[in-house]
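Dear colleague,

I am handing over the structure we spoke about, and you will find the sequence and the coordinates just below. After them I have set out what was found, grouped by topic.

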Amino acid sequence: MHNKTITELAKGLREKEFSSVELTQAYLDRINKYQALNCFITVAEDHALEQAKRSDIQLASAGAGLLTGIPIAQKDIFCTQGIKTTCGSKMLDNFIAPYNATVIEKFNTAGAVTLGKLNMDEFAMGSSNETSFYGAVQNPWDTNTVPGGSSGGSAAAVAARLSPAVTGTDTGGSIRQPASLCGITGLKPTYGRVSRYGMIAFASSLDQGGPMARSAEDAAILMQTMAGFDTKDSTSVDREVPNYSAGLNNSLEGLKIGLPKEFFDEGLNSDIASAIEIAVNEYKKLGAEIKEVSLPNMKLAIPAYYVIASAECSANLSRYDGVRFGYRCGDPADLNDLYIRSRGEAFGAEVKRRILMGTYALSAGYYDAYYIKAQKVRRLISGDFSQALSEVDVLMGPVSPTTAFGIGEKTNDPIEMYLADIYTIAVNLAGLPAMSLPAGFANNKPVGLQVIGNYFTEDRLLNIAHQYQQVTGWHQQTPQGFE
Amino acid sequence: MSLTTDEIKKIAYLARLGIDESDIDAYANDLSNMLDLMTQMGKANTAGINPMAHPMDQMQRLRPDVATETNQRDHFQALAPQTEAGLYLVPKVLD
Amino acid sequence: MEWETVIGLEIHAQMATKSKIFSAASTAYGAEPNTQACAVDLGLPGVLPVLNEEAVRMAVKFGMAIEAEIADYSVFARKNYFYPDLPKGYQISQMELPIVGIGHLDIEVDGETKRIGVTRAHLEEDAGKSLHEDFHGLTGIDLNRAGTPLLEIVSEPDMRSAKEAVAYMRKIHELVRYLEICDGNMQEGSFRCDANVSVRPKGQKEYGTRAELKNINSFRFVEKAINIEVERQIDLIEAGGSVVQETRLYDADKNETRSMRSKEEANDYRYFPDPDLLSVEITDELRAQVKADLPELPSIKKQRFIEQYSHDNETATLLTSSRELADFFEVVVKQSGCEARLCSNWVSGNFLGALNKANLEITASPISAERLAGLLKRIADNTISGKIAKQVFDALWESDLTTDEVIEQQGLKQITDSGAIEVIIDKIIADNPAQVEQYLSGKDKVFGFFVGQVMKASHGKANPGEVNKMLQGKLKR
């Protein structure tokens, strides 16, 4: 069962090949069997079986949807009522969310079954899942390597077939980079397309939730449920949601693909460069035209991103003060001691680094030089994309300059880790949608192809990804031992 | 650009963030490296460019003035480390 | 040396919205602790703010009333600091681009009109409350108030005495209530004030170093706090010291200000635009709507009262001091059809006197404008005398009856029938020959004795005019 697509699983449920309870139990068994991967922070076994039972009743009657009875696992950044929601942090180790995120509410309404909560970098700050309070996650393709991050548990779970599809969030590449490193398909939607309500904030102007799945076809099904306007999120966009599956089979004849030359400079691993080249050639065969374009300010995306994201997170994480929820230190001597120790004891080193950085960038005397400057650079970068996307339909390039690296290999140098985000973060600054799709291997490790589209063209991106997946088999590869 | 340990202590206090004395040098080093990275932005010519706070230049939507929330105090306070008589308790606040 | 005082005020007015500025929790005062603090107000992980339309409308209304510049685009910012009554660790406020820009307001002190500049007015969320009763040495936090919309109104340092500061504060208080954007209840903290106070040698251009006096929550305390602070600063400087810029708390019991040490450490609020909120556009449509809804402003109303009702300045000021009172007065005039003078005498005299005595707001008055108008009508048409009217007024205050019902039940109708009055007069004259003698011998004062006797005998119901006329006739013979 675990190798079936969502469409196949839905058909199986409908034709009573198996029940949702059986399907859910099968996945729970796999999750249990592959515990060593450390994909899950919380397995919601009872909750899942309860939901599955209800879905089976619904399946027996009319009104069941495509996701009714389908198990899904959620990144532990989404608040799930009655289920522990940690955001990968000791700070929230005791936090049973008292409400559901809008995204969770939508999955519940659609009849999906929540298997549990997926491991992630602490407060989504990280590119390797190693900053999680709950420990590193193993990449199923090579268990000595990282799955990427911050949605590392999400990507590894899909690659290891522990869940048919999952949710992730992407602030600077946190869906695309782990999708790339784990050989799965991930979509980071346009900023404002998916509600952020109940999705624990890292950097509010950059965060965006999206689907991670084995194929574009499955991602489209999840996206259909996740997308939509939400009055509870001021930054949510009131715009009609298209049918994401309807155009999957559209022809790519005449598609104009831009290759930003900055994506192919000396920093890119040559094996990855050739995998991307092969993928692009595949698109040529599908009728696409290729053109070189330029994003002249792309290099500045890293400093601009790290100023903006750190500034926003320094304020977003002030609410964790040991008063109303979350970790409180033992025997605080006074109020400041309560704050300083609760936060000092419960936040990990990477989170602290970013809070310090953000606090510094916003403090008196530095605000203009860092924060305002970064916001101006952000507009330059956004302008670069508008220019490029006025010349072509989509941009293509690598997701990450390297394939999965060893656990512990980069933890001593945070800057080196930041620099690896070069191909993904500019997209978040501009708020554009982008995908990562499996495009081959380098040294037996998956390589992801990034496809960046214009605002609200998720349907087109999914179509472009799906057409590629019709003529290649990369997305169907399963890591050894997880077949 | 490099940050001193005193500067790190000052920022850490502003952020009410406990840092082990033995880690301060490491944070000073990491933050200094991050600042070096950020000074690259100085190269960009941003004269006449408006700061961009949001990916989408759209306007704030307004909510009608209706009170629909109900009392969920017990539900929310089940999460709190210390409460009494419906209040959240903290170490004595001095004015 | 002669000193000059310089004062600027920061007034916080809670906007009278039903729900909070960024959440749908109720703003009603006095609920059990934390029962009106929803997920958004508590700053739970994942929650997001959505701006209340009415709060924006109210801020714009205020801006228009002080003829201020209204921003086309306004931005909310986070003001970062840690305090237990501030759940998110930042307050959503405004820094650059407040909704209301430069405006002004005229005050009157000792008969002189003075224009006070308003620098800006911006929207922000109120904090919760710390309860310092002893919970085993701990402080209790109630977040019901957290997220209540506040309009912070910042004045220019244009005031030169505590008296001017109070006049300005009263004027703003009157205005926000006129506009129905704030209930003005100072006991409940709906209207609060901080004062920036400094002194400088008379004639000096530069401002002195200022102290900020926090949360002085009555008009009386503002005056006292400023005066005592000015005294302190002058004493300090004259003794060779200098004023430090700091926050000070006014202690009403001891009538002194003292330094708030806990707030002394340098704050760095790290303001930046709140990324959870977008720019607010103050559309032409909204402006037009607010403008159409704008009530007649107090200063304009006062001028109209002076012209339309021939009020003196003092009466007009009193009657327009609140929108409710002014409306009350105008209903009385309209419904009674009486002369404005009679109406204003009754409203400002007996009516306000009775309210004050009972310590009631006009909105809680047992006598409506319509019922008072009914009473005045009966004075004007001579059904009752002014004196009897006071008796009727008391009866109206105590019951739900109409004036006519009271007159009927208590038999207070004025005797205008000259025959009946004549019978009484004849009896009085007959019973008091000595006084008649005195009057006829030229002691005019005795006339009043006869009037009094007649009124007494008629239980006050005889028409005094009629009595006068008839007595004069009878006693001449």
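A salt bridge is here a side-chain nitrogen of Lys or Arg within 4 Å of a carboxyl oxygen of Asp or Glu. On that criterion, a search of the whole structure, which is a predicted model, returns 49 salt bridges over all chains.

Salt bridges

Glu282(A) and Lys285(A) form a salt bridge in which the closest N and O atoms are 3.6 Å apart, and because the two residues are 3 apart in helix H8 (residues 270–285) of chain A, about one helical turn separates them. Arg341(A) is partly exposed, at a relative accessible area of 27%.

In chain C, Arg287(C) and Asp72(C) meet through their side chains in a salt bridge of 2.9 Å, N to O. This pair links distant parts of the chain, 215 residues apart, with Arg287(C) in helix H5 (residues 284–293) of chain C and Asp72(C) in the loop between helix H2 (53–65) and strand S2 (73–74) of chain C. Arg287(C) counts as buried at 18% relative accessibility, because the limit for that class is under 20%, while Asp72(C), at 48%, counts as partly exposed. Elsewhere, salt bridges that share partners join Arg196(A), Asp233(A), Arg78(C), Asp274(C) and Asp276(C) into one network.

Chain C: domains, sheet and helices

The domain assignment of chain C gives domain 1 (3–286), domain 2 (296–410) and domain 3 (418–474), and the C-alpha centres of domain 1 of chain C and domain 3 of chain C lie 66 Å apart.

Chain C also holds an open sheet of 8 strands with mixed pairing, in the order S5-S6-S9-S1-S10-S11-S12-S13. Its edges are strand S5 (103–109) and strand S13 (256–259) of chain C, each of which has a single partner strand, so that one side of each is left without a neighbour in the sheet. From one strand to the next the twist averages 30°.

Helix H3 (residues 162–178) of chain C lies across strand S1 (3–14), S5, S6, strand S9 (149–155) and strand S10 (191–201) of chain C, and runs at about 120° to S5(C). Helix H4 (residues 219–238) of chain C packs on the sheet as well, touching S1, S10, strand S11 (211–214), strand S12 (246–251) and S13 of chain C, with a direction that makes about 25° with that of S10(C).

The axes of H2(C) and H5(C) come within 10 Å and cross at roughly 65°, and the crossing is right-handed. Among the residues that meet there are Val56(C), Val60(C) and Met64(C) in H2(C), and Leu286(C), Arg287(C) and Val290(C) in H5(C).

Chain B, and a strand in chain A

Arg63(B), in the loop between helix H2 (24–38) and helix H3 (73–77) of chain B, is buried, with a relative accessible area of 12%. Leaving aside its neighbours within four places in sequence, Arg63(B) is in contact with residues of chain C, including Phe22(C), Leu51(C) and Glu53(C). Asp23(B), found in the loop between helix H1 (5–14) and H2 of chain B, is partly exposed, at a relative accessible area of 32%.

In chain A, strand S6 (residues 209–213) is mostly covered, with 5 of its 5 residues buried. Strand S4 (residues 165–169) of chain A pairs with S6(A) in the antiparallel sense over 5 bridges, and strand S5 (residues 185–188) of chain A, also antiparallel to S6(A), is joined to that strand by 2 bridges. Ala213(A) in S6(A) is the bridge partner of Ala165(A) and of Thr185(A).

With best regards

Technical notes:
Residues numbered from 1 in each chain as written. Chains lettered and ligands numbered in written order. Predicted model: local features only at pLDDT ≥ 70, side-chain atom pairs only at ≥ 80, totals over all residues. Heavy atoms only, no water. Domains from an automatic or database assignment. Helix = DSSP H or I, 4+ residues; strand = E, 2+ residues; numbered from the N terminus. Buried < 20%, exposed > 50% of the residue type's maximum accessible area, 1.4 Å probe, protein only. Pairing = 2+ DSSP bridges. Axes fitted to C-alpha atoms, helices over the stretch in contact; angles between N-to-C directions. Contact = heavy atoms within 4.5 Å. Left-handed = near helix turned anticlockwise from the far one by under 90°.
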